[in-house]
Amino acid sequence: MALSAKMIVDKDFAIGQVDDRLYGSFIEHLGRAVYGGIFEPGHPEADDRGFRRDVLRMVKELRVPIVRYPGGNFVSGYDWKDGIGPVENRPRRLELAWRTVEPNRFGLNEFADWAKAADSSVMWAINLGTQGIEDARNVVEYANHPSGSYWSDLRVSHGYREPHRIKTWCLGNEMDGPWQIGHKTAEEYGRIALEAAKVMKWTDPSIELVACGSSGLGMATFAEWEATVLDHTYEHVDYLSLHTYYGNADNDTPTFLARSLQMDDFIRSVSAICDYVKAKKRSKKTMYLSFDEWNVWFHSHESDKKLEPWQVAPPQLEDVYTMEDALVVGCMLISLLKHSDRVRIACLAQLVNVIAPIMTENGGAAWAQTIYYPYMHASLYGRGRALVPLVQSPKYDTKEITDVPYLESVAVHNEESGEITIFAVNRSLDEELRFEADLRSFGACSLIEHLVLDHADLKAVNTAADPARVSPRAGGSAKVDGSRVGASLAKASWNVIRLRVEP
Ligand code: AHR
C-alpha cells in the first residue's frame, strides 16, 4: 500500500512569530570563507573594496538577515585589534585553531561594510579564550560608541564616523570544548561570561548577548554545563547557544535523514534546562536560544587532515553537498521552525566555501550547492507565524533512532502577504508519499506553486562544471480544493507548497 500522511494546521494555533534571524549564517576566518570567498581583491567580480559581487548577489538572494563573525574556533585566539587600522600595518599571525597564517587584510570594519552591502547585520563573537573583559568592553566601545572616547575616536580616525551599532554579541565560542583555545570549565566560563556581559552592557546597554551552551548534545558536560553557566549569567544574557553538525560517514541514509529528531531533542532539553534555572532563580525572564552553528559536516574530514599547515586561506572544510544532505538541511530547517517560539537566532554554518551553501573558485565562478535551495526557500517563504503541525505519518525505525515519521512538515502563515507556505520532506527512499494538508480555519486557498528538490541519485552534487545538476523545479503535483491540499511527494524530496489565502 502506498505511504500516506496528513498534516492539520489551524490559523489560531501558532507556535509563534518567526524571528527573521532564524535564517542567519556564519563567516569565520577559516579556509576560503573570507579570502577567496566574500573578499577577493583582483577578482573580475570584485568591487573597489575587494568584495566579490557574484557572492554578494547570491547572499542577497538568500536574504541572510544576520551573519556571525569572526569565528568559530578562530575567535578564541583572535585579537580584534589586529584587524583594524591601516592594512599595511596589520600583522600576519599564526592561527592556532586551524593551523593557518592569518594575514588580517580583512577585519571588523571591512566585515561591517560587507554585511551592509549584503543587506545583513553583524553578530560579533568576542574572544573569551585568550582575551578577557578588557577587550570585551573595548571592542564594544570601538564598534558602537558614537565618539569622544579613546576607542570610538580610534574608529573615527579609521574612517568610520558612524558607529556600526552591532546589536548581537556572542560571549566566546564553544568554550566547553577541549579543542578550544583557552577552554574553560563551566564555572570558569560562567564567571568570565558574567563579567564580560556586565562591562559590555555598561558600555552599550542596547546590545544583546549570547552565552555559550554546549558545542553538541554528545558532550560529556552537556546539561551540567548549561545549568552552571546560566546560574552565573541568567539575568545578564539574552540567549544561550546550541551547535550541531550531522554526517553520513557510514552511509546509513535512513538514520542520517532522521538526525533532525535529535536536533528537536537537543532544543527541548536546552529549553528545559533554561526553564529549570528560571524557576530556581524565581526569574520572570525567559531565556531564548541561538542555534548559531548547524549544518551537515563530514565530507571534508579526511582531506582536511592532509593539508599542509601554515598556509593562507587553504581549502579547508570544503564539503561538497549531495542531494541527501539537502534533505537533512531541509529537515533541520523544519526543526528550527517547529521550535521558533524558543529559537530566535540560528546560523547555518557557514556561508561561503567552508561547509557552505555557496562555493567559489579563486579567480573563477561562484555557484549554489544543493543545500542552498532549502535554505533559500525557508528564508524567502518561512517568514511569518509558524503554525503547530499536527502530523499523522507512518514511521520507520533505524538501529539508532526509532519512530521516525516519513513526513517531516511545518507551515508558516505570512499575514502581510496573505500566503501560507508548507515545507515538507518525504524521508522515504523508495516510495512516493500521498500528502494531505487540512488548513481548516483558513477557508479557501489557491496554489501559487509547488517547488520540488529531488534527484534520482541521492549522491548527486553541484560543481563548477555542472552547477545546476541538483536544483529545484516548479510543477510539483499539489492540488488545492478549498482549504485542503493534496500532493504526491516524490521519494526523498524537499517540497515547498506555496498557497494564497483567498480574501
Ligand atoms: O564551523 C566550523 C567549526 O565548528 C567552528 O569553528 C566551531 O565553532 C565548530 O566546532
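# Reading a barrel, a sheet and a ligand site

Trainee: Which strands form the closed barrel?

Mentor: Eight do: the closed barrel of 8 strands runs S3-S4-S7-S8-S9-S10-S11-S12, and the pairing is parallel. On average, neighbouring strands here are turned by 30 degrees against each other, direction ignored. The labels are DSSP runs numbered from the N terminus: strands (E, at least two residues) and helices (H or I, at least four). Two strands pair if DSSP finds at least two bridges between them.

Trainee: What kind of model is this, and how are residues numbered?

Mentor: This is a predicted model, with residues numbered from 1 along each chain as its sequence is written. Local features need pLDDT of at least 70, side-chain atom pairs count only at pLDDT 80 or more, totals for chains, interfaces and linings use all residues, and side-chain values use heavy atoms, without hydrogens or water.

Trainee: How many bridges join S3 to S12?

Mentor: First, the general idea: strands of a sheet pair through backbone hydrogen bonds, either parallel or antiparallel. Here, 3 bridges join S3 (residues 24-26) to S12 (residues 343-349), and the two run parallel. Find Gly24, then its bridge partner in S12, Cys347.

Trainee: Which helix lies across S10, S11 and S12?

Mentor: Helix H10 (residues 323-338) lies across S10 (239-246), S11 (288-296) and S12. H10 runs at about 175 degrees to S11. Such angles run from 0 to 180 degrees between N-to-C directions, with axes fitted to C-alpha atoms, for helices over the stretch in contact.

Trainee: In what order do the 6 strands of the open sheet stand?

Mentor: The order is S2-S15-S19-S20-S25-S22, with antiparallel pairing. S2 (14-17) and S22 (445-453) are the edge strands, each pairing on one side only. From one strand to the next, the twist averages 20 degrees. S22 and S25 (residues 493-501) run antiparallel, joined by 8 bridges. Look for Ser446, which stands opposite Arg500 in S25. H10 packs on this sheet too, touching S2, S15 (385-387), S19 (407-414), S20 (419-426), S22 and S25. The direction of H10 makes about 55 degrees with that of S19.

Trainee: Which strand does S21 join through 6 antiparallel bridges?

Mentor: That strand is S24 (residues 484-489). S21 (residues 433-438) also pairs with S1 (residues 3-8), in the parallel sense and over 6 bridges.

Trainee: How do H1 and H11 pack?

Mentor: Two packed helices are described by the angle between their axes and the distance between the axes. H1 (residues 53-62) and H11 (residues 372-381) pack at about 50 degrees, with axes 8 Å apart. The two are therefore oblique to each other. The scheme is simple: under 35 degrees is roughly parallel, over 145 roughly antiparallel, 65 to 115 roughly perpendicular, and the rest oblique.

Trainee: Which residues meet there?

Mentor: From H1, Met58, Glu61 and Leu62 meet Tyr372, Tyr375, Met376, Ser379 and Leu380 of H11. Contact means heavy atoms within 4.5 Å. The residues of this contact divide into 6 nonpolar, 1 polar and 1 charged.

Trainee: How many residues surround the ligand?

Mentor: There are 13, and the closest are Glu28, Asn73, Glu174, Tyr245 and Glu293. A residue counts if one of its heavy atoms lies within 4 Å. Polar contacts are pairs of N or O atoms within 3.5 Å. The side chain of Glu28 has an N or O atom 2.6 Å from an oxygen atom of the ligand. For Glu293, the corresponding side-chain value is 2.7 Å, again to a ligand oxygen atom. A polar side-chain atom of Asn173 lies 3.0 Å from an oxygen atom of the ligand.

Trainee: Where are Pro70 and Gly72?

Mentor: Pro70 is in the loop between S4 (66-69) and S5 (93-95). Gly72 is found in the loop between S4 and S5. The peptide bond from Tyr69 to Pro70 is cis, with omega near 5 degrees. A cis bond joins Gly71 and Gly72, with omega about 15 degrees.

Trainee: What is phi of Asn104?

Mentor: Phi is near 60 degrees, a positive value in a residue other than glycine. Asn104 sits in the loop between S6 (100-102) and H2 (108-117).

Conventions. Ala, Val, Leu, Ile, Met, Phe, Trp, Tyr, Cys and Pro count as nonpolar, Asp, Glu, Lys and Arg as charged, and the others, Gly among them, as polar. A polar contact is a pair of N or O atoms within 3.5 Å; within protein, one must be able to donate a hydrogen and the other to accept it, and residues adjacent in sequence count only if both atoms are side-chain atoms.
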